[in-house]
Amino acid sequence: MNLSPMKLSIVVIMHNMRREAARTLYSLSLAHQIGVKPDDYEVIVIDNGSSAPLDKADVTRFGPQFQYHFHKTASKSPVDAINLGAQMAKGEVLALIVDGARMATPGILHHTLSAFTAYPEAVVCALSWHLGPDVQPKSTQEGYNQTVEDALLEQAAWRGDGYRLFDISTIAPSSGTGFFGDFPVECSWIALSRDRFLDMGGFDPAFQSPGAGSVTMTSATGCCSSPASCRSNCWGKASFIRCTAGSQPMHRPGNVRCRPFTRNTQNCAAHALSPCRCQTRSMSGVCPPQRCRFLNERPDRTHHGDRGLGGSGTRVVAAMLRQAGVFIGEDLNGPLDNLWFTVLFKRRDWTDKPPPASQIVTAIRLFRQAMTLGLAAGLSGPDQALIETLQRDLLPDGAWDSGAKIAQARNLLQSGASPVAMGGPWGWKEPNTHVFLPYLDQLLPDFRYIHIVRDGLDMAFSGNTWQAQNWGHILGLPPDPDVPLPVHQLRYWLAANRRALTYGQTRMQGRFMVIRYEDFCTDPMRYWHLIKALSGGKADSMPPPDLVRPTTIGRAGTNDLSVIPIDLRREVADFQLGLANLQD
């Protein structure tokens, strides 16, 4: 193809996307893209009948090649807006972003044009990802929203390295076959010759349902129908969908509200919703390190572990998980605590006041990367500075006795690819995990949680008092010198366990297990099989010998219980009775 001075026209459709527009358009600007010049391309933004339209300046501020047009329409379909943008386009190649909530990785423009230089009849796509811990039909029903997403994007520092979007995203089901599979049934970035698109008559105006994904399902197949077509993937490039308030809600498969989309699509194309197959296939681009983990991403990859309050017997379950084939880390102490988690989450300033959500998001992102790909090869300057600051606070050179030491922070910085870098179940054990349960659940795909509860009165007289001292303020229980320590311990035990159980039982059905330690000691084999099933561990594995050594069960009986107020003892007894009934 002889590319004219204007090589590429990108048509972006917006509908009530004032929040999303700035990030989308920045991702298409020269501040973000590489390998292109200002006169290589234009960006045509069509505001499709928005009730809260963009200002022209919201678009043109990204460069002289950006232009804005408001399309007045009562239709909910993006088709007319797409065809209008195509008519305006001056470039030889036409690229379509039908959903303006998409963000693009660096180089997607350059490698799209490279594909057309090699294959003039190319139909170029980039695969799709959903920002957040899971595909958005699921994550948005489990607490993921625009506020969480904004914090996630801020902490990812994606403007400094656009490929870091892969670190905080989940591949879309429509792109599930990956780079080596069929052309995705939904293309969030699709490019072809502008003349060819116009010769086809553009997108079918008979399609009048709302939503970008539905129209691109039919259009991709039509674009690939020519025998001369070459399907080309932008290798290592992608677009990322964000939460929107004004877009068509997403629904689970089988939901009756999805059927009108299917009927409308089938009316517009006889081969609706079928994968597109071309005679010739190629790839254009390079694969960044952040993308490599998706090359062999396994659907059974889970993130889990066992947690509970300090001294609750979680070591037993951690050893069982490891025996079942779950990777629980390599930098562990005697009780099998994951000390990288300790470095990142048990911070001195966090034990003084509740940490900001943005800092927790960063800690989860770094921990996930350390446990899989490692940090040594892909750590940004701000992330390295953060861990080095935490390192200086630790023993033996610093004063913070968190249980981790400088060596663990150094190992974290130098971490390489783990045994599960390309897939496989992984988890961890660390008694402070329950404090961050809601964030972990929202940000880690397919997160599973095992919560261990020991007898409240036994825990009240435990010598391990760190949890109540460090995290009591989060539960409204700051240290009080006038309150006996066993009372403070027991109040914390009750509040912390109630908090974890309430969240797990209401928000994590099928992914949450609570175990009474005393029941576990009575019948460990019963729980061994349940733990293997929840974790996805090896079905034929056997529990390690000599795990259960309940030497401190009943220690409350050797202490003076009169120090515990009667009403508190009754409250604890009622909670434990409810827990016992839950186990039956």
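Analyst: Two residues are in contact when heavy atoms of theirs lie within 4.5 Å. Counting contacts in the protein chain between residues at least 6 apart in sequence, 81% join residues at least 24 apart. The model is a predicted one, in which local features need pLDDT of at least 70 and side-chain atom pairs count only at pLDDT 80 or more, while totals for chains, interfaces and linings use all residues. Residues are numbered from 1 along each chain as its sequence is written, and side-chain values rest on heavy atoms, with hydrogens and water left out.

The chain contains 22 helices and 16 strands; these are DSSP runs numbered from the N terminus, helices being H or I of at least four residues and strands E of at least two. Of its 584 residues, 58% are buried. Here buried means under 20% relative accessible area, exposed means over 50%, and partly exposed lies in between, with a 1.4 Å probe and protein chains only.

Helix 11 is mostly covered, with 7 of its 10 residues buried: T314, V316, V317, A318, A319, M320 and L321. R315 also belongs to helix 11, but R315 counts as partly exposed because its relative accessibility is 25%. Between the C-alpha atoms of R315 and E430 there are 9.0 Å, although 115 residues separate the two in sequence. After helix 11 comes G325, with a positive phi near 100 degrees.

On the side of helix 11 the meeting residues are V317, M320, L321 and Q323, and on the side of helix 21 they are P524, W528, I531 and S535. By class, this contact holds 6 nonpolar residues, 2 polar and no charged. Nonpolar covers Ala, Val, Leu, Ile, Met, Phe, Trp, Tyr, Cys and Pro, charged covers Asp, Glu, Lys and Arg, and the others, Gly among them, are polar.

The wider setting includes nonpolar cores, that is, sets of buried Ala, Val, Leu, Ile, Met, Phe, Trp, Tyr and Cys residues joined through side-chain atoms within 4.5 Å. The largest has 134 residues, of which I10, L28 and W189 touch the most other members. Helix 19 (residues 485-507) supplies the largest share of this core, 9 residues. Beyond its neighbours within four places in sequence, L28 has contacts that include I10, V12, F66 and W189. Another core, of 18 residues, lies apart from the largest one, and I452, I515, F520 and L534 are among its members. In soluble globular proteins, nonpolar side chains tend to be buried together.
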